[in-house]
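Dear colleague,

I am handing over the structure below, together with a short account of what was found in it. Please read the notes alongside the coordinates.

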Amino acid sequence: MTEQLKQLRDEIDKIDGEILKLVNKRAEYAQQIGIIKKSDTIYRPEREAQILSRVRQDNPGPLEDTRIAQLFTEIMSVCRALEKSMTVAFLGPQGTFSEEAAIKRFGNAITTLPCDSIDAVFRSVESDNAGYGVVPVENSTEGAVGRTLDLLLQTSLTVCGEIQLPVHQSLMASQPDLTKIDKIFSHPQSFAQCHHWLQTNLSGISSTAYINTSSNADAARLAARDEHAAAIASKRAADLYGLAICAENIEDDSKNTTRFLVLGTQEVEPSGKDKTSLVMSAGNYAGAIHKLLTPFSEHNVSMSRLESRPSRTSLWQYVFFVDIEGHQKDKNISRALEELTKKATFLKILGSYPAT
Ligand SMILES: C=C(O[C@@H]1C=C(C(=O)O)C=C[C@H]1O)C(=O)O
């Protein structure tokens with residue numbers, strides 16, 4: 001070993017000693033905070049969002065901001081786990097993008113609860129089998145996830161966070177020879193996200209050989225059992241189910257991103273940069289929607305999303321899912337919501353939470 005290499009490694013050893021002391025000191029403080037919070041909710045999304053935003057802002061590099069955020073998410077995850085263990089439900093099995101999203105938000109020091117369906121994720125949190133649930137709500141290529149919207153309408157749960165996850169799809173199979181493939185398993189959303197790629201690169205496989213599965217990790221699991229099958233799923237699913245990657249990044253839009261919601265039972269305090277999600281409906285008359293939207297423009301509230309969905313109560317009646325910028329405790333938003341209560345035939349605030 002050269003003298004210079006030894007010197008640099010000695011410096012790293014000293015720094016590791018400091019980091020070790022400091023992270024444990026941090027963990028002790030978190031433990032003390034846990035005692036003060038007693039039976040109160042341990043997980044505070046607004047505080048964690050503020051910490052992540054501060055470390056990103058103060059980051060001198062060379063580590064990238066996203067890497068720093070990953071590191072601090074894991075530090076907070078282990079500190080939180082010292083206060084209380086936490087179970088997070090998501091659309092399983094292991095290896096789904098929903099699982100990736102859950103770990104992106106909560107870190108690895110959690111107990112994960114893979115569920116068979118979006119309904120089961122809601123049920124797990126409603127019945128207290130999990131403290132939190134992670135469900136997909138929209139994709140930048142394919143739009144809204146209808147089932148999530150329908151369940152949000154009925155649930156007693158609150159939305160206490162959002163997670164944006166870049167989604168890169170891979171084609172995988174138990175053996176790398178694509179000429180042997182006669183069927184492809186995947187989730188309908190993933191097929192749609194890769195539509196153009198499939199038509200261009202696998203035109204020999206008829207679309208009748210596209211088999212829908214309940215998740216793309218499930219597609220990988222099925223493809224692992226059949227040498228004539230391929231799956232479209234994440235690289236992580238290929239690793240988990242021992243499949244070979246035949247093609248990477250096959251999504252038609254390289255910026256393909258899915259937005260997930262964190263479901264819980266708490267009201268989240270303002271973080272300084274928040275979003276509020278709500279669902280409302282108007283009467284069935286000319287100008288009804290315009291009337292619903294005026295309180296937002298009058299109180300200078302920006303709307304980041306408006307999605308309509310059949311109300312499922314009567315024919316051609318719709319509910320509107322709206323995301324606005326800010327927290328329901330902000331003055332302009334609470335005033336707008338007060339007016340909206342008078343104008344809407346139905347209004348449900350799903351929650352305010354840190355915007356990502
Ligand atoms: C330590 C706390 O508990 C949790 C852990 C946090 C952390 O490690 O910084 C932050 C917020 C909470 O989710 C706290 O509430 O401050």
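Which residues does M280 touch, not counting residues up to four places away in sequence? In this model, which is a predicted one, M280 touches L292, V319, F320, V322, L340, A344, F346 and L347.

M280 also belongs to the largest nonpolar core, which has 53 residues, and is listed there with V88, V134, V135 and L263 as those with the most contacts inside it. Because domain 2 (87-167 + 256-266) and domain 4 (267-354) both give residues to this core, it lies between them.

As for the overall division, the protein consists of domain 1 (1-84), domain 2 (87-167 + 256-266), domain 3 (170-255) and domain 4 (267-354). The C-alpha centres of domain 1 and domain 2 are 25 Å apart, and nine residues of domain 1 are in contact with eight residues of domain 2. On the side of domain 1 that touches domain 2, helix 3 gives the most, with seven residues, and the residues of that side comprise four nonpolar, three polar and two charged.

Turning to the ligand, its surroundings are formed by A30, I33, I42, Y43, R44, R47, E48, I51, M76, C79, R80 and E83. Helix 1 (3-37), helix 2 (45-58) and helix 3 (65-83) each supply at least two residues of this shell, with helix 3 giving the most, four residues. Seven residues of the shell are nonpolar and five are charged, while none is polar.

With best regards

Notes: Residues are numbered from 1 along each chain as its sequence is written. This is a predicted model: local features need pLDDT of at least 70, side-chain atom pairs count only at pLDDT 80 or more; totals for chains, interfaces and linings use all residues. A residue is near a molecule or strand if its C-beta atom, placed from the backbone, lies within 6 Å of it. Ala, Val, Leu, Ile, Met, Phe, Trp, Tyr, Cys and Pro count as nonpolar, Asp, Glu, Lys and Arg as charged, and the others, Gly among them, as polar. Domain bounds come from an automatic or database domain assignment. Two residues are in contact if their C-beta atoms, placed from the backbone, lie within 7 Å. A nonpolar core is a set of buried Ala, Val, Leu, Ile, Met, Phe, Trp, Tyr and Cys residues joined through C-beta atoms within 7 Å. A residue is buried if 20 or more other C-beta atoms lie within 10 Å of its own, exposed if 12 or fewer, and partly exposed in between; C-beta atoms are placed from the backbone.
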